[in-house]
Amino acid sequence: MADPKGFLNHGREIAQTRPVEERVKDWNEVYQPGSLLPIISKQASRCMDCGIPFCHNGCPLGNLIPEWNDYAYREDWTEASERLHATNNFPEFTGRLCPAPCEAACVLGINQQPVTIKNVEVSIIDKAWDAGDVTPQPPERLSGKTVAVIGSGPAGLAAAQQLTRAGHTVAVYERADRIGGLLRYGIPEFKMEKRHINRRIEQMRAEGTKFRTEVEIGRDIDAAKLRKRYDAVVIAAGATTSRDLPVPGRELNGVHFAMEYLPLANKVQEGDLTVSPITAEGKHVVVIGGGDTGADCVGTAHRQGALSVTQLEIMPKPGEERTAGQPWPTFPMLYKVTSAHEEGGERVYSVSTTHFEGDEDGNVQWLHLVEVEFKDGKPEQKPGTERRIPAQLVTLAMGFTGTDQQNGLVEQFGLELDARGNVARDADFATNVPGVYVAGDAGRGQSLIVWAIAEGRSAARGVDRFLTGASALPAPIKPTDRALTV
């Protein structure tokens, strides 16, 4: 235990963000550089090293949180990094992007503010990179077996790294022009600078992983032929089919999916474009969807110079305290203010879009909405509450409905789908096609980055067993696991 009285002597402190007026003028990460290290030892000391650490179960990866909290308290950053990497391939990703279900399950959170687990995690890994402690770990010998990984998001990268370190020859196929999947083009630069991805890719290359960009399996390469070329295949293509909004006016210019809008903004930061073809500059922007992707659209619109930003959510405004139906240690749906919301804009709850209105040139100008109330779990419109708001750019950030089935990958492999439209798999993450496995959102459905990495690690074990008959790789979860979160 780091400090027996740590949780009594210190309150919760989190990373400081840069001033709003400063950060909206650039695309750098929103946090104040160096603000964590002066407080992180005290924050790590708040960990009580519980007899039953519920944070382990709250985290799909089973992160050894009390152990690396203790090392962080003692400022033994090398050992802290070792314990962190024992369960997580990419803690710099999760430390920035995960909503921290571990903190929701923290025992201290029963009657106090939980330990700042996420901030401790990112401090450890950033310190490890700065100290040169993160180095390539190539296998001692090769197995002679080959594996293709389809998709380079967190699930695909985790599976690829695990299998490469197990001695297999791994090639990752990515249809975009750069590696990273939604980490690269779905997450704005101000949430995670892409240098974090780039240096992990270099580590993986040094370990022996091969990368093939601008290759779409199902179109550029027939999936059945790919299966014959490799001893095993891991499908980690994500759940990339965006949920649409079939209302009148959807076809108007200026109404876009979030995953049309956000990648272009990231391409500007990569230097591929000077100006995004879809920009919020000088426009009234409406974001439909109250989740993290919606917040990403809000922050992006601020930086592009929007006149106004309004975020719509059909659900009621969440409370700031747990409800009886979401007791500790479950992951509660609470009202939260992200860095993007701190920067301005309006959030409107319990409303539904009825239609869009455009000008004579076919450009969206207004969004018509109505207030709703839920009865028997279904939203019903409230008469007399109809109104319209200005909207020259609308982004649809309402989640995803499943993996892309338009490119032929599912059909060419002959994959079976489950009742939710995801690729079906067994306890080893194997599909109905021998030697073909699935990990991440393609098999699970839309989920969190921490689940994606856990699935990639678990699927890697299944593949390793298929190829060699046994495996020493860890498998943190089963496909049916839900842990303490939703």
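A salt bridge is taken here as a side-chain nitrogen of Lys or Arg within 4 Å of a carboxyl oxygen of Asp or Glu. The exercises below concern a predicted model.

**Exercise 1.** Determine what joins the side chains of R96 and E29, and which parts of the chain are tied together by the pair.

*Solution.* The N to O distance is 3.2 Å, and the side chains of R96 and E29 meet in a salt bridge, the cut-off being 4 Å. R96 belongs to helix α7 (residues 91-97), whereas E29 sits in the loop between α2 (20-23) and α3 (37-45), so the contact ties together parts that are 67 residues apart in sequence. Buried means under 20% relative accessible area; R96, at 15%, is buried, and E29, at 12%, is buried as well.

**Exercise 2.** Classify D244 and R250, which form a salt bridge, as buried, partly exposed or exposed.

*Solution.* The closest N and O atoms of D244 and R250 are 2.7 Å apart. D244 has a relative accessible area of 38% and is partly exposed, while R250, with 17%, is buried.

**Exercise 3.** Locate the partners of the salt bridge between E343 and R303, and state how accessible each one is.

*Solution.* The side chains of E343 and R303 meet at 2.8 Å, N to O. The pair links distant parts of the chain, 40 residues apart, with E343 in the loop between α16 (339-342) and β9 (346-349) and R303 in helix α15 (residues 292-304). E343 is buried at 11% relative accessible area, and R303 is buried at 9%.

Methods: Residues numbered from 1 in each chain as written. Predicted model: local features only at pLDDT ≥ 70, side-chain atom pairs only at ≥ 80, totals over all residues. Heavy atoms only, no water. Helix = DSSP H or I, 4+ residues; strand = E, 2+ residues; numbered from the N terminus. Buried < 20%, exposed > 50% of the residue type's maximum accessible area, 1.4 Å probe, protein only.
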